[in-house]
Amino acid sequence: MKKILLLIAAVFALGGDFEDGQAAYDRSDFVVAREKFAAACDANNGLACAKLGALYQLGKDILPDTKKALELYEKGCELGSKEACSGAGGIYVSSDKEKARALLNKGCELGDGFSCATAGSYLLEEKKFKEAYALFEKACKIGDELGCQFASDLKRSNKL
């Protein structure tokens, strides 16, 4: 019983790091946000890893560090954060299209509309119109306006 209570207390404590990090971020206290997101990421909170990756990518309170951001995004993606998959995919777009595509596809599978629309655009370039349309439709259903626009444009193009 004692072990269960300790486990429950630990879960609440770890959840607090993320919440505290988000509150610090909202008030532009990026030093505290980075510390709290780092603690939550270390405890395997994928969304915290994504938020921390964004802080490194954007250079909030520190010099921008794309390598560190990518490391954090990839960890967050492995932990199931759609935002982290999208962030990592975005970094890889200019350097490794296959890696970008894999990460964006995973983000799409996890329910990120932007990832679906971006992955669909890769298929559009390859003239895989039906597959692209399916991803654009999925993006649209998730609420991504660009995905809706791409789906509509593709449907009107008579390439399906």
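## Ring contacts in a predicted model

At 0% relative accessibility, Phe 136 counts as buried (under 20% relative accessible area; exposed is over 50% and partly exposed in between, with a 1.4 Å probe and protein chains only). This is a predicted model, where local features need pLDDT of at least 70 and side-chain atom pairs count only at pLDDT 80 or more, while totals for chains, interfaces and linings use all residues. Residues are numbered from 1 along each chain as its sequence is written, and side-chain values use heavy atoms, leaving out hydrogens and water.

Now for the rings. The structure holds three aromatic pairs; rings of Phe, Tyr and Trp (its six-membered ring) pair if their centres lie within 6.5 Å, with planes under 30 degrees apart called stacked, over 60 edge-to-face and the rest tilted. Two of these pairs are in the table.

| Pair | Centre to centre | Angle between planes | Class |
|---|---|---|---|
| Tyr 25 and Phe 30 | 5.3 Å | 65° | edge-to-face |
| Phe 136 and Phe 150 | 5.0 Å | 50° | tilted |

Phe 136 sits in helix α8 (residues 129-142) and Phe 150 in helix α9 (residues 145-156), so their pair ties together parts 14 residues apart in sequence. Helices here are DSSP runs (H or I, at least four residues), numbered from the N terminus. Phe 150 is partly exposed at 27% relative accessibility.

In the other tabulated pair, Phe 30 is buried at a relative accessible area of 17%, whereas Tyr 25 is partly exposed at 31%.

There's a charge over a ring too: Lys 68 lies over the face of Tyr 56, 5.9 Å from the ring centre (the cut-offs are NZ of Lys or CZ of Arg within 6 Å of the ring centre and within 35 degrees of the ring normal).

Methods
Helix = DSSP H or I, 4+ residues; strand = E, 2+ residues; numbered from the N terminus.
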